[in-house]
Amino acid sequence: MIDKKTYNEIGVHIPSILLPKEGIDMQKWSVVACDQYTSEPEYWEEVEKKVGDNPSTLHLIFPEIYLEHGNADERIKRINNEMKRYINEGILVSQKPCMLLVDRSTPHTKSRKGLILAVDLEKYDYSAGSQTLIRATEGTVIERLPPRVKIRENAILELPHVMLLIDDPDKTVIEPLAGKLDSFEKVYDFELMMNGGHIRGYRIDDGETLKGILKAIEALADPEVFKSKYKVGDDKGVLLFAVGDGNHSLASAKVHWENVKKSLSEAEVEDHPARFALVEVVNVHDDGIVFEPIHRVLFNIEPESVLNALQDFFGSSCCSLEKFDSLESVNKRLSELKREEAVHSFGFVTDRSFGVFTVQNPKHNLEVATLQGFLDYYLGKQKEAKVDYIHGEDVVTKLGSKPGNIGFYLPSMEKHDLFKTVILDGVLPRKTFSMGEAEEKRFYLECRKIVKD
């Protein structure tokens, strides 16, 4: 018997997972996270063609590229109806309580291992300065939550694209399971669509293995070990799970739970399904975890006026601007500047040229914070301008080189610095890093009920 008190204290819940019944085309079933390819409608149009009317998570989510199309209520109603149909018609089949070991390969990495489990939203707070066991790594934009909460409020299912990171350099939680794959039942094994790579899932439901996992997680959450590891005092709460992807989705789950909780008795609060959220936990030290930068593209602007505004914002005596004829030249110059102290540099592209913008003695620790400070200021002044957050230099170049746009190239941050930075400095600027390229993002696959039967 697993001690419920133990896993309550570490914010872990062993979920009852729903998976498609045998015979469902899994490649059509599984689609990428809804917050990807938000400036590339052709991607989602191709997904729709591939899926058609087949059972698919595409019919259970709201791709963010469509959020401003004006038919949100109709789309949400359709999503809720499809969820009910998939349950009533037996398209989704409940597994007994378990965790799933996931092994994902992508065009960029041979293997990235994760563990599907549920976490207790009572142990999570996305607010800046939070000291909870589960924490956001980047700033949460409160204005982005209402549409997501609305999607969830009448939904009977959740589909996770949330990925939580653990800082487990000794590889005690997930990696030991990879050596015992023959003892686990394989529940899926297929090629993901749209260059997403390959994914395998293994059910872990025997008591001893689950106990071992929980014990290893509990050891990471030991307060004395935590203080020694990060050289901090009693004023810092233990950070066990850091949100790596899906920050706003988990925040929406939290808001929804707080709304549901208002009408529940104390007893009902203890085990209501909406109290928990299905996630994939990954080790930041996994070789398959690579932090990629999230670039920026401004739309509906005049590029030269943006560059002039940049110089005005930072002061001409504290910044410099250089122009080049290729991205290769930009990257070469950025490599040279990286060796200089007290300097932040980022590249840019317009329809006329490439370039590098440099700021001396920046106020922030990360280049992304330096640029974001300007963007927040500029977007507050120029209401017609819009920004999108982009994965991949090639997409920045394609979008930024169009008339009326400007793209900014940002460097990546060191993944091993993530936990210590969040513990000591608090949340990072929004969209600071990405765990891999867009096609490496989590694909929807597993489901879980968030309402009482």
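Where in the chain does Lys-231 lie? Lys-231 sits in the loop that links helix H8 (223-230) to strand S12 (241-245). Please keep in mind that this is a predicted model.

**Two residues with positive phi**

Lys-231 is worth a look on your screen: it is not a glycine, yet its phi is positive, at about 55°. Ala-342 is also not a glycine and has a positive phi of about 55°. You will find Ala-342 in the loop between helix H12 (327-338) and strand S17. Are these residues buried or exposed? Lys-231 has 68% relative accessibility, and exposed means over 50%, so Lys-231 counts as exposed. Ala-342, with a relative accessible area of 44%, is partly exposed. The table puts the two side by side.

| Residue | Phi | Relative accessible area |
|---|---|---|
| Lys-231 | about 55° | 68% |
| Ala-342 | about 55° | 44% |

**The sheet and the helices on it**

Now turn to the open sheet, where six strands follow the order S16-S18-S17-S20-S15-S19 with antiparallel pairing. Strand S16 (319-324) and strand S19 (386-390) are at the edges; each has a single partner strand, so one side of each has no neighbour in the sheet. From one strand to the next, the twist averages 25°.

Helix H13 (residues 367-381) lies across S15, S17, S18, S19 and S20, and H13 runs at about 15° to S15.

**A helix pair**

Two packed helices are described by the angle between their axes and the distance between the axes. For helix H5 (residues 145-153) and helix H9 (residues 247-261), the axes come within 9 Å and cross at roughly 60°. H5 and H9 are therefore oblique to each other, and H5 passes H9 in a right-handed crossing. On the H5 side, the contact is made by Leu-145, Arg-148, Val-149, Arg-152 and Glu-153. H9 contributes His-248, Ala-251, Ser-252, Ala-253, Val-255, His-256 and Asn-259. Sorted by class, this contact of H5 with H9 has five nonpolar, four polar and three charged residues.

Conventions. Residues numbered from 1 in each chain as written. Predicted model: local features only at pLDDT ≥ 70, side-chain atom pairs only at ≥ 80, totals over all residues. Heavy atoms only, no water. Axes fitted to C-alpha atoms, helices over the stretch in contact; angles between N-to-C directions. Helix = DSSP H or I, 4+ residues; strand = E, 2+ residues; numbered from the N terminus. Parallel < 35°, antiparallel > 145°, perpendicular 65-115°, else oblique. Left-handed = near helix turned anticlockwise from the far one by under 90°. Contact = heavy atoms within 4.5 Å. Nonpolar A, V, L, I, M, F, W, Y, C, P; charged D, E, K, R; others polar. Pairing = 2+ DSSP bridges. Buried < 20%, exposed > 50% of the residue type's maximum accessible area, 1.4 Å probe, protein only.
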